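Thanks for coming. I have one structure to go through, and I will keep to a handful of local features before the totals. Please have a look at it first.

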Amino acid sequence: MAAPFSTTSPVRSIFTPIRSPLKSSLSHSDCFQKGHGSGNFNLYSLSSAASYTIVKLSSKPIAVNPLLRKRVGIVRCATIEEIEAEKSSIEKEAKEKMEKTIETVRMNFNSIRTGRANPAMLDKVEVEYYGTPVSLKSIAQISTPDSSSLLVQPYDKSSLKAIEKAIVNSDLGMTPNNDGEVIRMSLPQLTSERRKEFSKIVAKQAEEGKVAVRNIRRDALKAYEKLQKEKKLSEDNVKDLSSDLQKLTDEYMKKIDSLFKQKEKELLTV
């Protein structure tokens with residue numbers, strides 16, 4: 001299971017009157033609520049402390065210069081629910097992308113043959129079927145009569161020659177035997193050199209998977225930092241989320257290492 005992300009602390013509002021006059025340096029992140037008068041506003045200002053936000057309120061209407069009001073504008077603050085929704089969306093997307101990366105690594109590993117027959121070895125074989133490239137497993141049933149052979153039985157016998165051609169052109173190193181009904185293939189014994197070559201390919205694919213997971217972490221972290229710049233998360237919030245994100249990343253790195261060790265063992269076992 002992926003490590004859960006920690007939730008941010010709830011926002012607490014502390015209302016204290018602002019005694020200093022309004023300055024022209026107000027930023028767009030400040031929140032204004034229009035008062036009853038055409039030139040009066042109730043002023044709210046936000047500041048972050050630890051993992052919660054302090055909201056200061058001046059209940060006394062303050063006269064605002066019309067030009068200043070036009071320049072600053074009226075900006076609505078994001079609600080707690082909206083902030084949580086954005087944060088949850090980032091968490092969910094990161095987990096989904098990491099899970100897809102694991103599936104890609106697993107599929108790539110399965111396509112590399114070991115000394116034992118496995119239908120997944122043909123997962124990446126594409127066949128030109130009526131002018132359209134399709135996966136072999138979508139147009140044929142693939143089985144293993146024994147530990148050293150594969151049997152391909154197409155749903156449409158007219159596709160036999162196209163399937164045979166696709167297998168020959170693949171990098172599986174197997175010779176298909178087409179008897180007009182099915183295609184049979186025997187797995188030749190892997191030499192020691194061939195096993196080492198496959199082991200290097202698997203190691204490269206594992207590293208590519210890890211790079212993909214790190215990039216997903218980087219993108220999620222940038223999204224959190226963006227929320228911090230928008231004053232929706234405090235610095236401490238982002239630190240906590242970054243820590244949880246790193247734990248999630250480490251967990252998926254371990255999954256890739258586990259898949260790699262398993263595949264390497266299969267390749268090197270004679």
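In which helix is Lys263 found? Before I answer, note that this is a predicted model. Lys263 is found in helix α5, which covers residues 235-268.

Now, is Lys263 buried or exposed? Its relative accessibility is 6%, and the limit for buried is under 20%, so Lys263 counts as buried. As for what lies around this lysine, leave aside the neighbours within four places in sequence. Lys263 is then in contact with Phe109, Asn110, Ile112, Thr114 and Val202.

Staying with lysines, there is another one to point out. Lys255 lies over the face of Tyr252, and the distance from the ring centre is 4.3 Å.

There is also a record to mention here. UniProt, in an unreviewed entry, places a "coiled-coil region" at residues 217-251. In the model, the chain over residues 217-251 is 86% helix and 0% strand.

Next, the hairpin. Strand β4, residues 126-129, and strand β5, residues 132-135, run antiparallel and are joined by four bridges. Which residue of β5 is the bridge partner of Glu128? That partner is Pro133. Two residues sit between the strands of this hairpin, and Tyr130 takes a positive phi near 55°.

Tyr130 comes up again when we turn to aromatic pairs. A pair of aromatic rings is described by the distance of the centres and the angle of the planes. With ring centres required to lie within 6.5 Å, the count comes to one aromatic pair. Tyr129 and Tyr130 form that pair, with 4.7 Å centre to centre and 75° between the planes. The angle is over 60 degrees, so the pair is edge-to-face.

How accessible are these two tyrosines? Tyr129 has a relative accessible area of 23%, which makes it partly exposed. Tyr130 has a relative accessible area of 65% and is exposed.

Finally, the totals. The protein has five helices and nine strands. From the N terminus on, the order of elements is β-β-β-α-α-β-β-β-β-α-β-β-α-α. There are 270 residues, of which 34% count as buried. Taking contacts between residues at least 6 apart in sequence, 62% join residues at least 24 apart. The accessible surface comes to about 16,400 Å², and 52% of that belongs to carbon and sulfur atoms.

That is the end of my part.

Methods: Residues are numbered from 1 along each chain as its sequence is written. This is a predicted model: local features need pLDDT of at least 70, side-chain atom pairs count only at pLDDT 80 or more; totals for chains, interfaces and linings use all residues. Side-chain values use heavy atoms; hydrogens and water are left out. UniProt positions are given in the numbering used here, feature names are shortened, and annotations may be inferred rather than shown by experiment. Buried means under 20% relative accessible area, exposed over 50%, partly exposed in between (1.4 Å probe, protein chains only). Contact means heavy atoms within 4.5 Å. Two strands pair if DSSP finds at least two bridges between them. Rings of Phe, Tyr and Trp (its six-membered ring) pair if their centres lie within 6.5 Å; planes under 30 degrees apart count as stacked, over 60 as edge-to-face and the rest as tilted. A charge sits over a ring if NZ of Lys or CZ of Arg is within 6 Å of the ring centre and within 35 degrees of the ring normal. Accessible areas come from the Shrake-Rupley method with a 1.4 Å probe; for residues, only the protein chains shown count as cover.
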